[in-house]
Amino acid sequence: MKEKVLILGAGYAGSVVANVLAREFRNKIAREELEITILDKTDLNINQGGFTFIPFELYTPEEITRPRKKLISPRVNTFFGKDGEVTAVDLKNKEVTVKSDKKYTYDHLVIAMGCRADINAVPGLADDLNTFYTSMEDAFKVRDLVKNIKGGKVVVSVASMPVPCPGAPVKFTFMLDSYLRNVKKNRDDVQLTLVWPMEPIGPPEFNKLVTGQFKQKNVEVIRNFPLASVDANKKELTSKNGATINYDLLITVPPHKAPQVLIDSGLADEKGWLSADKVTLQYRGPAGNYDNVYVLGDLGPADILKTGIGAHYQAIAVSQNLINDIYGNKIKTPYRGETGCPIVTELESPSTQGRGYIATWKYGVPPAPFTTTKMGWFFYRMYYHIHWDISVKGMF
Ligand SMILES: Cc1cc2nc3c(=O)[nH]c(=O)nc-3n(C[C@H](O)[C@H](O)[C@H](O)COP(=O)(O)OP(=O)(O)OC[C@H]3O[C@@H](n4cnc5c(N)ncnc54)[C@H](O)[C@@H]3O)c2cc1C
């Protein structure tokens with residue numbers, strides 16, 4: 001009987017797992033002893049990290065998208081659209097249903113369906129929603145707003161945690177400062193404020209660096225402001241603690257949650273995320289404990305940082321564990337919490353060189369002191385090109 005691996009979600013993490021397994025098991029697949037199938041609701045992979053740069057016209061849509069077919073090994077069965085959009089997951093019966101009502105069975109399941117913005121979780125937010133977090137179209141809308149900033153109070157608000165890449169709104173704010181200062185040259189007419197839902201912005205050294213840089217660049221930072229509601233008429237934010245902030249232009253990172261279908265399938269914990277062992281990434285949640293089900297990427301436990309860097313390391317560990325499981329060698333490869341968060345503190349412009357850094361850390365090993373550099377900016381910009389052929393293909 002053919003052994004079956006089923007991967008839900010052909011975004012970053014799911015694609016890496018599919019490609020690593022397809023390489024390792026090319027002979028088993030050719031002999032029809034093993035089948036790898038990946039499902040996704042769309043056929044276009046978007047590197048969401050690029051959304052942060054769209055408002056400043058630093059990437060084009062073509063640079064940050066690829067047809068999924070071009071990214072996934074031809075040894076893998078791919079189903080996108082109605083045959084790929086998951087509508088129910090039944091761990092007990094090892095069965096996944098999709099929109100077309102087709103059903104897939106599996107021996108090994110990988111759940112990598114990312115997370116999504118939950119706009120309605122904040123009353124009033126939909127009435128004044130400007131965000132670069134949700135789609136290409138929304139990122140371009142923010143581009144138009146940014147281009148037209150003439151003055152006044154611009155507020156970048158992060159509603160709650162966790163969100164994917166919590167560093168993205170931080171670097172967006174730095175890039176906006178830099179854009180207004182060096183490109184539009186009207187920074188003195190703008191009061192720029194970052195509103196943050198908790199006290200620290202990332203681990204201690206990250207917090208230290210960004211706090212110092214925000215102060216130097218005259219960016220106001222308001223912490224401990226979990227967003228409760230938005231009043232679009234009064235142009236006012238209210239926090240869960242009752243504090244208020246006024247704005248002229250609001251750019252928001254909405255609350256996020258795991259895909260509704262997984263919540264409806266009874267897989268999410270009380271916080272709305274999928275529980276897993278933080279080291280093996282095997283499913284441990286309200287639906288039971290399943291060693292043959294791996295959870296990775298943005299939909300994983302609330303306290304595992306949701307970044308592409310983390311998703312990549314998780315995908316490598318899960319791929320290796322699936323290889324171990326399929327060979328039956330009883331070896332376990334741990335995910336040690338490897339993750340990271342790129343930071344940018346200055347754009348490249350006619351009068352500046354650009355400054356960035358990719359801070360990395362893992363469980364129990366926080367980032368060491370760092371500063372942003374021109375090389376960091378260059379590398380981070382370059383990463384968006386190597387992402388497709390090196391990272392997504394699981395070459396490291
Ligand atoms: C604005 C922004 C900036 C970011 N910047 C960075 C950065 O600089 N560095 C960094 O490391 N990370 C960054 N990230 C985070 C990074 O993009 C994510 O952590 C990463 O994409 C997570 O990978 P994933 O595979 O878990 O999810 P995704 O890549 O989102 O893939 C999930 C896939 O599941 C599919 N799916 C969803 N529901 C269904 C369904 N019902 N049926 C079938 N398929 C489904 C989706 O279509 C998608 O293809 C950023 C994110 C955002 C939003």
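**Note on the ligand shell and selected residues**

1. Ala30 counts as exposed because its relative accessible area is 64%. Here exposed means over 50% relative accessible area, buried means under 20%, and partly exposed is in between, with a 1.4 Å probe and protein chains only. Ala30 lies in helix α2, residues 26–30. Helices are DSSP runs of H or I with at least four residues, strands are runs of E with at least two, and both are numbered from the N terminus. Ala30 and Arg75 are 45 residues apart along the chain, and their C-alpha atoms are separated by 8.3 Å.

2. A word on the basis of these values. The model is predicted, so local features need pLDDT of at least 70 and side-chain atom pairs count only at pLDDT 80 or more, while totals for chains, interfaces and linings use all residues. Residues are numbered from 1 along each chain as its sequence is written, and side-chain values use heavy atoms, with hydrogens and water left out.

3. Which residues are closest to the ligand? They are Asp40, Val86, Asp298, Gly308 and Tyr380, out of 34 residues that surround the ligand. A residue is near a molecule if one of its heavy atoms lies within 4 Å of it. By type, the shell divides into 17 nonpolar, 10 polar and seven charged residues. In this count Ala, Val, Leu, Ile, Met, Phe, Trp, Tyr, Cys and Pro are nonpolar, Asp, Glu, Lys and Arg are charged, and the others, Gly among them, are polar.

4. Now the oxygen atoms of the ligand. A polar side-chain atom of Asp40 lies 2.7 Å from an oxygen atom of the ligand. For Asp298, a side-chain N or O atom is 2.7 Å from an oxygen atom of the ligand. Ile309 uses its backbone instead: an N or O atom there lies 2.9 Å from an oxygen atom of the ligand. Taken alone the ligand exposes 990 Å², and the protein buries 91% of that. These areas come from the Shrake-Rupley method with a 1.4 Å probe; for residues, only the protein chains shown count as cover.

5. Which elements give two or more residues to the shell around the ligand? They are α1 (12–24), α5 (167–184), α8 (308–327) and α9 (374–391). Of the elements, α8 gives the most, with three residues. Why does the ligand lie between two domains? Domain 1 (3–115 + 258–327) and domain 2 (118–255) both give residues to the shell, so the ligand lies between them. The domain bounds come from an automatic or database domain assignment.

6. Helix α9 has a kink of about 50°, centred on His385. The bend at a residue is the angle between axes fitted to the seven residues ending there and the seven starting there. The buried residues of α9 are Gly376, Trp377, Tyr380, Tyr383, Tyr384, His387, Trp388 and Ser391. Tyr380 is also among the residues closest to the ligand. As background, an α-helix has 3.6 residues a turn, so residues three or four places apart point the same way.

7. Asp177 is in helix α5. Is Asp177 buried or exposed? Asp177 counts as buried because its relative accessibility is 1%. A polar contact of 2.7 Å joins the side chains of Asp177 and Arg181. A polar contact is a pair of N or O atoms within 3.5 Å; within protein, one must be able to donate a hydrogen and the other to accept it, and residues adjacent in sequence count only if both atoms are side-chain atoms.

8. Ser135 is found in the loop between β10 (116–117) and α4 (136–147). Ser135 is buried, with a relative accessible area of 17%. The side chain of Ser135 makes a polar contact of 3.3 Å with the side chain of Glu137.

9. Some backbone geometry deserves a check. The peptide bond from Met161 to Pro162 is cis, with omega near 0°, and Pro162 is found in the loop between β11 (152–158) and α5. Leu281, a residue other than glycine, has a positive phi near 65°. Leu281 is in the loop between α7 (260–264) and β19 (282–285) and is buried at 1% relative accessibility. Lys330 also has a positive phi, near 65°, and is found in the loop between α8 and β21 (339–349). Lys330 is exposed, with a relative accessible area of 80%.
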